Amino acid sequence: MPLPLAPLLPFALRLGAVAALGYVAQRLIRRHGHVGRTDQRAEEALDDLDEGLASHRLRDAAGQRNTTFRLRRTFRLGGKTYEIDAGAIARLRRREIE
């Protein structure tokens, strides 16, 4: 008895579309992306962040807001222990150009 493949067609089309999109994205990133670098000053600044979200506006820099974020979690999965340490430093600057 033959297997009906028509019900699998929408799933196969979606899976193929996602795979094609991933391939195109990978090619674009390789073509237009650049090799990153590690700055030790930035690494130390990220290590010094307090856990949580903080945002402040500098008094002497009008139109600038600095924001920091850090999340540290430890969890156990399958007998192994993992630690996640995510940190970000962001600056949003707005200037009026005449």
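Me: Is Arg-41 buried or exposed?
Reply: Arg-41 is exposed, because its relative accessible area is 64%. Exposed means over 50% relative accessible area, buried means under 20%, and partly exposed lies in between (1.4 Å probe, protein chains only).

Me: What kind of model is this, and how are residues numbered?
Reply: This is a predicted model, where local features need pLDDT of at least 70, side-chain atom pairs count only at pLDDT 80 or more, and totals for chains, interfaces and linings use all residues. Residues are numbered from 1 along each chain as its sequence is written, and side-chain values use heavy atoms, with hydrogens and water left out.

Me: Which side chain meets Arg-41 in a salt bridge?
Reply: Asp-39 does, at 3.0 Å from N to O. A salt bridge here is a side-chain nitrogen of Lys or Arg within 4 Å of a carboxyl oxygen of Asp or Glu.

Me: Glu-51: buried, exposed or partly exposed?
Reply: Glu-51 counts as partly exposed, because its relative accessibility is 46%. Arg-73 is partly exposed too, with 45%.

Me: Which residue forms a salt bridge with Arg-70?
Reply: Asp-85, and the closest N and O atoms are 2.8 Å apart. This pair also links distant parts of the chain: Arg-70 sits in strand 2 and Asp-85 in strand 3 (residues 80-93), 15 residues apart.

Me: Why does Arg-70 count as buried?
Reply: Because its relative accessible area is 7%.

Me: New topic. How do strand 2 and strand 3 pair?
Reply: Antiparallel, over 14 bridges. Two strands pair if DSSP finds at least two bridges between them. Arg-65 stands opposite Leu-92 in strand 3. The hairpin has two residues between the strands, and Gly-78 takes a positive phi near 65° there.

Me: And how many bridges join strand 1 to strand 2?
Reply: Six, and these strands run antiparallel. Arg-57 stands opposite Arg-65 in strand 2. Here the hairpin has six residues between the strands, with Gly-63 at a positive phi near 85°.

Me: How are side chains placed in a regular strand?
Reply: In general, they alternate between the two faces of the sheet.

Me: Where is His-56?
Reply: In strand 1 (residues 52-57). At 41% relative accessibility, His-56 counts as partly exposed. Thr-68 is twelve residues away in sequence and 9.1 Å away in space, C-alpha to C-alpha.

Me: What is His-56 in contact with, beyond four places in sequence?
Reply: Arg-65 and Asn-66. Contact means heavy atoms within 4.5 Å.

Me: Which side chain makes a polar contact with Asn-66?
Reply: Gln-64, at 3.2 Å. A polar contact is a pair of N or O atoms within 3.5 Å; within protein, one must be able to donate a hydrogen and the other to accept it, and residues adjacent in sequence count only if both atoms are side-chain atoms.

Me: Gln-64, then: buried or exposed?
Reply: Buried, because its relative accessible area is 10%. Gln-64 is also in strand 2. A polar contact of 3.4 Å joins its side chain to that of Arg-93. Among the residues Gln-64 touches are Arg-57, Leu-58 and Leu-92.

Me: Last one. Which residues form the nonpolar patch?
Reply: Phe-75, Leu-77, Tyr-82 and Ile-84, on the surface, with about 380 Å² of accessible area together. Strand 2 and strand 3 each supply at least two of the patch residues. Phe-75 is in strand 2 and counts as partly exposed, at 35% relative accessibility. Patches take residues with over 30% relative accessible area and no salt bridge, joining like charges within 9 Å and nonpolar side chains (Val, Leu, Ile, Met, Phe, Trp, Tyr) within 5 Å. Accessible areas come from the Shrake-Rupley method with a 1.4 Å probe; for residues, only the protein chains shown count as cover.

Key. Helices (H or I, at least four residues) and strands (E, at least two) are DSSP runs, numbered from the N terminus.
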